[in-house]
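Good morning, everyone. Please take a look at the structure on the screen, and then I'll walk you through it.

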Amino acid sequence: MHRIGAVVVAAVIAVFGILGFADGLDFFSTDGERVLGLSSNGLLSTISVVTAAVLIAAAVRGPRIASTVMIVVGVLFLISALANLAVLETDLNFLAFRFANVVFSVVAGLVLLILGAYGRVSGNLPSDSPYAHPSGSEDDDSDDGFPSTPAEFAAERAMRDAEFAVVQHTATPDQQRRVAAMADARSRSDRRRIWMSFDAGGSGATK
């Protein structure tokens, strides 16, 4: 959802920016020319293309990055709408905004915020969500569950990486086996023990 949303919004913004370049718009004109029903100039076309490139790059990097970037860009769109609404039909209207541009910025900003926050901002996130945070009241967060040796700290990091990889469908076969073996463990120390048993060639490796 995050990746697809970022690419779709980026495509719309990119087409708007590229058409502005194709029309040879003046870079700093405050009057602007019509492009897809909106007003634009060279500066706004440049910003549009750069914004589209940022969204696509974020989508390529991964869903978590895409989610964060969409939220940030969405907020910037809303701020831009308010700022440019204040300077409409003045000499400070450097992006050649018209009221239709303001409406588009608000809509685009809200779409980006909704898509970016999808599955991320909720009080009831599923346990397999990469955005879910374990409750501080669970037994496996007690003091005796924390790692105490370099090997245990390394195992904790590897466990987290494997669990995220499984959720994002990028896990290796070894990571999938280890995460599956830990599925029934209740405490943090038990999960870590099972994980480390694979490295030691113990019983956990045969599960």
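Let me start with a term. A salt bridge here is a side-chain nitrogen of Lys or Arg within 4 Å of a carboxyl oxygen of Asp or Glu. Side chains of opposite charge can pair when their charged atoms come close. Keep in mind that this is a predicted model.

Aspartate 199 and arginine 178 form a salt bridge, with the closest N and O atoms 2.7 Å apart. This pair links distant parts of the chain. Aspartate 199 sits in helix H7, residues 188-200, while arginine 178 sits in helix H6, and the two are 21 residues apart.

Are these two partners buried or exposed? Aspartate 199 has 53% relative accessibility, so it counts as exposed. Arginine 178 has 8%, so it counts as buried.

Stay with helix H6, residues 173-182. Arginine 177 and aspartate 174 meet there in a salt bridge, 3.6 Å from N to O. Why are they about one helical turn apart? Because they are three residues apart in helix H6. Both are partly exposed: arginine 177 at 45% relative accessibility, aspartate 174 at 29%.

Move on to helix H7. Arginine 193 forms a salt bridge with aspartate 190, and here the closest N and O atoms are 3.9 Å apart. These two are also three residues apart within helix H7, so about one helical turn separates them. Arginine 193 is exposed, at 51% relative accessibility. Aspartate 190 is partly exposed, at 29%.

How do the bridges join up? Asp174, Arg177, Arg178 and Asp199 form one network, through salt bridges that share partners. In the whole structure, a search finds six salt bridges.

Next, a patch of charge. Asp23, Asp26, Asp31 and Glu33 gather on the surface as a patch of negative charge. Of these, glutamate 33 lies in strand E1, residues 33-35.

Let's step back to the whole chain. How many helices and strands does the protein have? Seven helices and two strands. From the N terminus, the order runs α-β-β-α-α-α-α-α-α.

Some overall numbers to finish. The protein has 207 residues, and 37% of them are buried. Its accessible surface is about 12,100 Å², with 63% of that belonging to carbon and sulfur atoms. Among contacts with a separation of 6 or more, 62% come from residues 24 or more positions apart.

Definitions and conventions: Residues numbered from 1 in each chain as written. Predicted model: local features only at pLDDT ≥ 70, side-chain atom pairs only at ≥ 80, totals over all residues. Heavy atoms only, no water. Patch = residues over 30% accessible without salt bridge, like charges linked within 9 Å, V, L, I, M, F, W, Y side chains within 5 Å. Areas by Shrake-Rupley, 256 points an atom, 1.4 Å probe, with all protein chains shown as cover. Lys, Arg positive; Asp, Glu negative; His and termini not counted. Charge placed at Lys NZ, Arg CZ, Asp CG, Glu CD. Helix = DSSP H or I, 4+ residues; strand = E, 2+ residues; numbered from the N terminus. Buried < 20%, exposed > 50% of the residue type's maximum accessible area, 1.4 Å probe, protein only. Contact = heavy atoms within 4.5 Å.
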